[in-house]
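Here are my notes on the model, point by point. Please keep the structure open while you read.

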Amino acid sequence: MTDSRINLLNLDRVGLEAFFARLGEKPFRARQMLRWLHQQFVTDFSAMTDLSKSLRARLAETAVIALPEVVHQHHSTDGTYKWLLRVSGGNCIETVFIPEEDRGTLCVSSQVGCILDCSFCATGKQGFNRNLGVSEIIGQLWLANKALGRDPKGERIITNVVMMGMGEPLANFNNVVAAMNLMLDDFSYGLSWRRVTLSTAGMVPAMDRLRAICPVSLAVSLHAPTDELRDELVPLNKRYPIGELLAACRRYVAGDRRRAVTFEYVMLAGVNDSLQHARALLRLLQGLPAKVNLIPFNPFPGSLYRRSDTETIDRFREELLRGGLMTVTRKTRGDDIAAACGQLAGRVQDRTRRTLNQQRVAGSLPQPLSA
């Protein structure tokens, strides 16, 4: 038998208002529910004391509050946390918390695996199963907040959210936007748009939609200054080449001087890390409000690349800084628990042939017989 009750964690404020309207209740009930769910972390309707007993009884009949299941929590020597969370279909996803002196950042997944297949990313090599639902996305923030608690001043430990975990967020547009609406809503998490960042490999039409309805901070996985190289690293570039991508970035920040696009650039030894690449990147981003995050490559089993050495990364960064481009090198965090950028894998029941093809290439499976 299946449970026909609606999971209230799948609903943002608009969705909750519609739900309560169907019950004959006023819109303010949605705000009350948001506070109980996302500020008090209450999942028992009977404990929601500002709701009438009759309404609580109806909620128990028609609704449920269901979260992903915590399978394991890993704690790095550098303070990073990683949670392995079980979702439906025999799949697991990963969520990472990165503590810093001035902030605490949660890296949230949007898909089981990834629909894309970037050549340097462990997540993509796991294949793809499905998009995550709203409850599975916001549930990661819910569970991490509940686990970490508050600091001595009563403030939440998590101050920033980045949609940079498993998956391409814009390939799961509606669910990701609904989850980010909850992150931004003052009656739930109350985060500023500056503190919620979505990272995309460059789904241009969806970038324009995002700007129109939920303009959070934008990060773009660039990784190469030319189409020829980016086609190899980020196959999506063949559909939306760099020129189209940068035009969408300019549209995204147009009319707001407070906004800039963060460009992520993984440093791959001998592939994209020369001074010539740095100079090409400078020319490419000229005139665009931009910041570059250089990401030392984090190896994973079967990866084809090596991390650029420290001296090479430093030279690359200094070249960009001399050209007037704000550039930082991202500190590798959580690599001892495979929680660093590009290492998230989870447990994916792959619906593509990607993992089988990789095993054949590696020689671990026989090649299919020709007809």
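1. Start with Thr-105, which sits in strand S6 (residues 104-107). Keep in mind that this is a predicted model. Is Thr-105 buried or exposed? Its relative accessibility is 9%, and the cut-off for buried is under 20%, so Thr-105 counts as buried.

2. What does Thr-105 touch, beyond its neighbours within four places in sequence? Its contacts are Val-96, Phe-97, Ile-98, Glu-100, Asn-160 and Val-162. Take Val-162: 57 residues separate it from Thr-105 in sequence, yet the C-alpha atoms are 7.1 Å apart.

3. That pair can be set against the chain as a whole. Counting contacts between residues at least 6 apart in sequence, 66% join residues at least 24 apart. The chain has 371 residues, and 53% of them are buried. Its secondary structure comes to twelve helices and 14 strands.

4. Next, helix H5 (residues 134-148). Of its 15 residues, 13 are buried, leaving the helix mostly covered.

5. H5 packs against helix H6 (residues 173-184), with axes that come within 8 Å and cross at roughly 35 degrees. The crossing is right-handed. On the H5 side, the contact uses Val-134, Ile-137, Ile-138 and Leu-141. On the H6 side are Asn-175, Val-176, Ala-178, Ala-179, Leu-182 and Met-183. By class, this contact has nine nonpolar residues, one polar and no charged.

6. Two backbone angles deserve a look. Most residues other than glycine have a negative phi. Phe-41 is not a glycine, but its phi is positive, about 60 degrees. Phe-41 lies in the loop between helix H2 (28-39) and helix H3 (53-62). With a relative accessible area of 12%, Phe-41 is buried.

7. The other is His-223, also not a glycine, with a positive phi near 70 degrees. Where does His-223 lie? It is in the loop between strand S11 (217-221) and helix H8 (227-233). His-223 counts as buried because its relative accessibility is 3%.

Technical notes
Residues are numbered from 1 along each chain as its sequence is written. This is a predicted model: local features need pLDDT of at least 70, side-chain atom pairs count only at pLDDT 80 or more; totals for chains, interfaces and linings use all residues. Side-chain values use heavy atoms; hydrogens and water are left out. Axes are lines fitted to C-alpha atoms, for helices over the stretch in contact, and angles run from 0 to 180 degrees between N-to-C directions. Helices (H or I, at least four residues) and strands (E, at least two) are DSSP runs, numbered from the N terminus. A crossing is left-handed if the near helix is turned anticlockwise from the far one by less than a right angle, and right-handed if clockwise. Contact means heavy atoms within 4.5 Å. Ala, Val, Leu, Ile, Met, Phe, Trp, Tyr, Cys and Pro count as nonpolar, Asp, Glu, Lys and Arg as charged, and the others, Gly among them, as polar. Buried means under 20% relative accessible area, exposed over 50%, partly exposed in between (1.4 Å probe, protein chains only).
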